[in-house]
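Here's a quick briefing to read with the model open beside you. Grab a viewer and follow along.

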Amino acid sequence: MAQEEKEKGKIDIQSGYLEKRPELPEAVIYTKDQDGQVYIVHEGIEMWCNQAFVYLKDNFVKAYGEVKIIQADTITMKSNYAEYNGNTQFAFASGEVVFKEPKTTLKTDTLYFDRIKQQAFYRSGGTVIDTASTLTSRIGRYYAKSKKYQFISNVKIVNPKYTVNSPQLDFYSESGAAYLYGESTIVSDASTVYCERGYYDTRGDTGYFVKNSKIDYENRTLYGDSIYFDRNKGFASATNNIKVLDTINKSLIRGHYAEVFRKKDSVYITKRAVAVTLRDNDSIYVHADTLQVTGKPENRILKGFYKARIFKKGLEGEESLSGKADSIFVNQKKGITKLLRNPILWNGESQMTGDTIHLINNLKTEKLDSLKVFKNAFNIQKDSIGYNQVKGEILIGLFTNNELDTIYINKNAEVMYYARNDKKELIGINNTVSSSIEMYVDKQTINGIKFVKKGKGKIYPLSKLPEEARILSGFNWRGEERLLTKADLFRGKPTPILPKIKGIPLPIDEGEFFEEQTEEELDLPESSKLSPKDFTNRTEDEAPEKGIKKAESDGIKENED
């Protein structure tokens, strides 16, 4: 029985012209004849070649010329030269090596194949041709059981639509799934994806990226803790700590969820969304429950929906500007900002309300030019002993160097104004009705009023006008709601609960390809072209992303990053 088992493990040469040469006493030489190539079998593999040097004592074959090795109709390896050790079931191939499995073809100049581990390995550069892409790397390893390639060093995927570069990449040949590790990019004509850990479906053109991930769309960049990407739909979504940077319009949008529709030039942001735009060296903040940006770079439109707020701190010496409304509309090309539905605007100490409020910028200087309040316009400013008030159908305000200096009230205008002399002493309370009123403002203080077609009214001494009569109808002072800092954009709003980001699994560490063995354990025949040095693992070939041990991976579905 022992003899039978021993014979069972022997290499079997089934065809070929046999000869012996005195100079090679240990070898039996087989050469192809009129019936075809030399044909050799051994425990599940078949080998063909033009000439074979068979070392029966070592159970070892050296094959030359048009070598082909097939394992169970799943793996085919062709080369100019090959060695096969029947004792260790280890094969080595060199010279125009072509390694095929059902979905891919690997080309390299030198390849090691361990049948016990069911793994192939190269470290002198290789190319894998997939149904959708071509993959190249300096180092590669194929795992037959999981049908996975692990590429290391100068990894590149070339597809007609994009190019991937990565220091380490795991590729599953059956599904086309690629896992990227380290500083990786996916570059196409329309976008560039960057991540330090990611997944990409090379056949379906969708991806998921984490760890410092971002997507560049020419003049717009999307950042997020995690990013989902669909190339065919021109769509991307980002979750948690997202940023959308617009380099042309000097704007930045932050939030915790975003969707980008590249083909429609549209961005949708929610969860504490805030847009920051640089104008005249000052930042303007717009917040709403939902922000949407549409339009080409030269004609961007920003829309904020539900509980919208705006804040501009102002440069040194300037008063802040802030406002609230149900929604906000910003047209950057026209320089107009609209506060819609129940709007309120504070310019310094002045409070303005109406049905709709428009802010207009000077497109050349980027400074505030004017504001317009349509229907039920009401302007209130605190005085030391009351409130200066003016109301009418339409209010128009003019700015100089971002300071409101002139206010026009048209149609059914009415004023309640604490008139003072040059010494700031109270003269009386002016309550007048007019078709139109012009007010002059200096440092947030009304210092002059002009009436057009003045109607009834007069200046009352303080004692002659009771407090309840000093308030115009429709008066509603909301100073406690005024935004004093950018943090007030979120005042009274709950902090969003952020979802847990699904991590990309670390690569499984299946150990080194070559086992640490003594020369005896290696069982390398003297006739082999290889030396023990060829069976050592080199530091420069190690994977930069180490991953988790195979034994420890049982039961671990994913690693959160």
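Where does L462 lie? You'll find L462 in the loop between strand 35 (445-460) and strand 36 (508-509). Before we go on, keep in mind that this is a predicted model, where local features need pLDDT of at least 70, side-chain atom pairs count only at pLDDT 80 or more, and totals for chains, interfaces and linings use all residues. Residues are numbered from 1 along each chain as its sequence is written, and side-chain values use heavy atoms, with hydrogens and water left out.

**Surface patches**

- Patches are made of residues with over 30% relative accessible area and no salt bridge, joining like charges within 9 Å and nonpolar side chains (Val, Leu, Ile, Met, Phe, Trp, Tyr) within 5 Å.
- A salt bridge, by the way, is a side-chain nitrogen of Lys or Arg within 4 Å of a carboxyl oxygen of Asp or Glu.
- The areas come from the Shrake-Rupley method with a 1.4 Å probe, and for residues only the protein chains shown count as cover.
- L462 has a relative accessible area of 33%, so it counts as partly exposed (buried is under 20%, exposed is over 50%, and partly exposed is in between).
- There's also a patch of positive charge on the surface, where K243, R254, K313 and K486 gather.
- Lys and Arg count as positive and Asp and Glu as negative, while His and the chain ends are not counted; the charge is placed at NZ of Lys, CZ of Arg, CG of Asp or CD of Glu.
- K243 sits in strand 21 (residues 235-246) and is partly exposed at 32%.

**Aromatic rings**

- Searching the whole structure turns up 29 aromatic pairs.
- One of them is Y228 with F235, a tilted pair with 6.4 Å centre to centre and 55° between the planes.
- Rings of Phe, Tyr and Trp (its six-membered ring) pair if their centres lie within 6.5 Å; planes under 30 degrees apart are stacked, over 60 edge-to-face, and the rest tilted.
- Y228 is partly exposed at 34%, whereas F235 is buried at 15%.
- F513 and F514 make an edge-to-face pair, because their centres are 4.9 Å apart and their planes are at 85°.

**A buried alanine**

- A93 is found in strand 9 (residues 90-100), and it's buried, at 0% relative accessibility.
- A93 and D109 are 16 residues apart in sequence, and their C-alpha atoms are 8.0 Å apart in space.

Technical notes. Helix = DSSP H or I, 4+ residues; strand = E, 2+ residues; numbered from the N terminus. Buried < 20%, exposed > 50% of the residue type's maximum accessible area, 1.4 Å probe, protein only.
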